[in-house]
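This briefing walks through one protein chain, moving from its overall build to a few local features. Please keep the sequence and the model in view while reading.

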Amino acid sequence: MLIKNITLIDENYDVIKDTNIVIEGKKISYIGKEIPENYNGYIYDGRNKVATTGFINTHCHVPMTLLRGYGEGLPLDRWLGEKIWPFESFLTDEDCYYGSLLGISEMFKSGVVSFNDMYFNLEGILKAVYETGIKANLSYGYADIEGRKDYFNGNAYKETKMLNEYIKNINTDRIRADVSIHAVYTSCEDSVKKISEYCNNTDMNMHIHLSETELEIKECKRRFGVTPVEYFLNCGTFKSNTIAAHCVYLEGDDFDILRENNVTVAHCPSSNLKLGSGIAPLKSMLEHDINVTIGTDGAASNNNLNMIEEINLAALLHKGVNKDPLFLSTKEVMKIASLNAAKAQGRNDCGAIKVGNRADIVIYDFDRPHMQPVHDVLANLIYSAQSDDICLTIIDGDIVYKDGIFTNIDMEKVCYNINRIKKEKLKMVTK
Ligand SMILES: [Zn+2]
C-alpha cells in the first residue's frame, strides 16, 4: 500500500508535509518525498489528509458496551451492587463477543489500534479481537475479597491459560495475555501475593485498578495500614510490568514507588469525572517521570470508547486544574496516547510512524469546516478534531475501517444482537 502526498506526524511529533508512506506486509517500509517508481500496489490519495500513529487505549472493559447507560443516576456502590454486577452475572461468552465487536467498532472509529482489557468470558472477547484485526492485551479481572477461591482452580487462571495456549497455537503477536487483579478492595492479600508471583514467574504483564477513590484509600489504610500503591508494592505486584488504571489519589512515596517500579498509569479522565471520583494528579506524575497513558475505561462509566474525546479531555482538563496553559503540549499528549502506551503493552515496534515499525496508522480528513484553516496541525488534531474526521484506520498494514465501513465487522448483525442480548438480560435481572 502507498499513501501518497500526505501530511504526517513523525516519531518526534514533527509535521512532515507532502510525503509518501509505503507499507509492505505488516510494516512501514518507506517514508519520503520521492514517490516509488512503478508502484503497482494499492494507492491511497493523502491530499488534505493527515496521518498519525494509531492510538492505544490502555484501560477498558470492552464488553461493557452492553451496559451503556444502564443504572444511571445511582451512587457508585448502589450502581455496582444493584445494577452492574447482577447484569454481568448473566453474561455469556457469546454476549461478550457481541459487546466486544460493538466496542471495537467504536475504537476503530476513533483511531484506536490496540487496547488493554480487563474482564471475564475471555473466549468471547478473544473471538472478537481475532476477527476484527485489533491488537489487544487481554486479561481476566480477578476478584475475590473473601479469599474463598484458590486462584489456580478458578476461572481467572483457566481463562488466562486458555488465552496463552490459543496465542501460541495461532502464533500471533497481535494478541497478548496479561494477568489482572481487579483492585485492592476486591481481593485478599494472600491471593494477590500468589497471583503476583505467578505473573512475575511467567513474564506476563499485570493490569490493575489503583487508588481510584477516596474510600478505596481509607479502607486500604484501615485494613493494611498503607496506601494501595504501598500495598501492591509489598505484595510483589510491581515486579511485573504493570498498568495501573486511575491513580486519582496518590500521596507521599506513591509517586516514587510508581516511577522506581516502572508502573504505567492509565489515566481515565471521563470515568473519573462521571463517577465523581476526582481528577488524577497528572502534572505531579509527569514531574516524577511516571509513564502516563490514556484509557477510556468501560462504556458503563464513560459512556463511550471514543479515544479522540478522551485525548481532548485530558489535554484540556489539566491545563484548567493547574491554571497552566503551557502544561501538556500537543506533542506530549500525542506521546501519552501512543508511544508511552505501546511501551507499556510490550510492543516495541509500535506507537510511532517510522520505517521498520508496524503500520498502525490513522488518517484524518482535514477537509472539514472545523479543521480549517491549518495554522498548527497538532493543535487541530488535539483541540479541533472529532472522531468522525478519521477516515482510515490501519493495523499491521491492514485497513480495518474506511469512510464509515468496517472491513471485518457486520454492524447490522452486531446491533441486532446487542439489542436482543439487552432484552434477554433485562428479563433475567428482573425475575
Ligand atoms: Zn476499569
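Helices (H or I, at least four residues) and strands (E, at least two) are DSSP runs, numbered from the N terminus. The model is a predicted one, and its chain holds 15 helices and 18 strands. The radius of gyration of the chain is 21 Å, close to the 22 Å that the globule rule gives for 431 residues, so the chain is as compact as a globular protein of that length.

**Overall build**

- Taken along the principal axes, the box that the C-alpha atoms of the chain fill is roughly 65 × 45 × 45 Å.
- Of the 431 residues in the chain, 57% are buried, and the chain exposes about 18100 Å², of which carbon and sulfur atoms supply 48%.
- When contacts between residues at least 6 apart in sequence are considered, 73% of them join residues at least 24 apart.
- The chain carries 47 positive and 60 negative side chains, and the centres of these two sets lie 3 Å apart.

**Annotated span**

- UniProt, in an unreviewed entry, lists residues 52–400 for "domain: Amidohydrolase-related".
- This span of residues 52–400 is 42% helix and 18% strand, and its end C-alpha atoms lie 16 Å apart.

- Helix α14 covers residues 377–384, and six of its eight residues are buried, so the helix is largely enclosed by the rest of the structure.
- The buried residues of α14 are V377, L378, A379, N380, L381 and I382.
- The cover over these buried residues includes the strands β1 (2–9), β2 (15–24), β5 (49–53) and β15 (361–365), together with the helices α11 (307–321) and α12 (330–337).

**Strand β16 and T393**

- T393 lies in strand β16, which spans residues 390–395, and T393 is buried, with a relative accessible area of 0%.
- Leaving aside residues up to four places away in sequence, T393 touches F108, G111, V112, V113, I361, V362, D398, I399, V400 and Y401.

**The loop between β14 and α11**

- N303 is found in the loop between β14 (291–294) and α11, and the peptide bond that leads from N302 to N303 is cis, with omega near 5°.
- D297 also lies in the loop between β14 and α11, and its phi is near 65°, a positive value in a residue other than glycine.
- With a relative accessibility of 4%, D297 counts as buried, because buried means under 20% relative accessible area.

**The loop between β12 and α8**

- C247 is found in the loop between β12 (242–246) and α8 (254–260), and although C247 is not a glycine, it has a positive phi of about 50°.
- The relative accessible area of C247 is 0%, so this residue is buried.

How values were computed: Residues are numbered from 1 along each chain as its sequence is written. This is a predicted model: local features need pLDDT of at least 70, side-chain atom pairs count only at pLDDT 80 or more; totals for chains, interfaces and linings use all residues. Side-chain values use heavy atoms; hydrogens and water are left out. The radius of gyration is taken over C-alpha atoms; the globule rule is 2.2 Å times the number of residues to the power 0.38. Buried means under 20% relative accessible area, exposed over 50%, partly exposed in between (1.4 Å probe, protein chains only). Contact means heavy atoms within 4.5 Å. Accessible areas come from the Shrake-Rupley method with a 1.4 Å probe; for residues, only the protein chains shown count as cover. Lys and Arg count as positive and Asp and Glu as negative; His and the chain ends are not counted. The place of a charge is taken as NZ of Lys, CZ of Arg, CG of Asp or CD of Glu. UniProt positions are given in the numbering used here, feature names are shortened, and annotations may be inferred rather than shown by experiment.
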